Amino acid sequence: MTKRSDVVDPACSYRRTGHNPECGVWRLESLTGREREVLLLLGTGLGNRELARELGIAERTVKAHIANIVDKTGQQTRTQAAIVAALAHDALCPDPACARHLARVPVPGQRRQSSAA
C-alpha cells in the first residue's frame with residue numbers, strides 16, 4: 001500500500017483541479033455596489049448574522065446577496081467567494097487608508113517585479 005505522501009503530484013493544484021479562484025476576480029464588474037460591499041465583508045470571515053448586523057439588513061437579505069455573488073463570480077460556495085474577496089481586496093475596498101493597501105506583505109518565494117520597462 002502506498003502512503004499519501006508517496007504519491008505527490010507536482011502539478012499546480014489550480015491546474016490539477018481545474019479551478020482558479022482568480023477567475024472570480026475577473027467577474028467583479030457584474031456585481032452591484034451592495035454585492036461588492038457584502039463580498040468585501042465576506043472576505044473578513046464574518047457569518048451571515050454578523051454581516052447582517054454590520055450592514056443593517058436582514059440575515060435573509062445577506063443570504064440572497066451571497067447567492068447572487070457566488071453565481072455572478074462563477075464560484076460554487078460561499079467559501080470560494082470569500083477567497084475571491086481576499087484576492088480582490090484592492091479592487092473592492094474604496095478606503096485609501098486601508099492597511100491592506102498601505103502595507104504589502106511579500107509572498108515567500110515570489111519575485112518582486114521591477115517598475116523599470
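Helix α5 and its two sides

Tutor: On the face of α5 turned away from its buried side lie the exposed residues Arg60 and Asp71. Here buried means under 20% relative accessible area and exposed over 50%, with a 1.4 Å probe and protein chains only. The model is predicted, and local features need pLDDT of at least 70, side-chain atom pairs pLDDT 80 or more, whereas totals for chains, interfaces and linings use all residues. Residues are numbered from 1 along each chain as its sequence is written, and side-chain values use heavy atoms, without hydrogens and water.

The buried residues of α5 are Val62, His65, Ile66, Ile69 and Val70. They sit on the same side of α5 because they cover an arc of only 135 degrees around the axis, the arc being that of the directions from the helix axis to the C-beta atoms. These buried residues pack against α3 (33-42), α4 and α6 (78-87); helices are DSSP runs of H or I, at least four residues, numbered from the N terminus.

As for α4 (residues 48-55), its axis comes within 8 Å of that of α5 (residues 59-72), crossing at roughly 105 degrees. The two helices are therefore roughly perpendicular to each other, a term that covers 65 to 115 degrees. Asn48, Arg49, Leu51 and Ala52 of α4 meet Glu59, Val62, Lys63 and Ile66 of α5, contact meaning heavy atoms within 4.5 Å.

Beyond α5 comes Gly74, with a positive phi near 75 degrees.

Notes:
Axes are lines fitted to C-alpha atoms, for helices over the stretch in contact, and angles run from 0 to 180 degrees between N-to-C directions. Angles under 35 degrees count as roughly parallel, over 145 as roughly antiparallel, 65 to 115 as roughly perpendicular and the rest as oblique.
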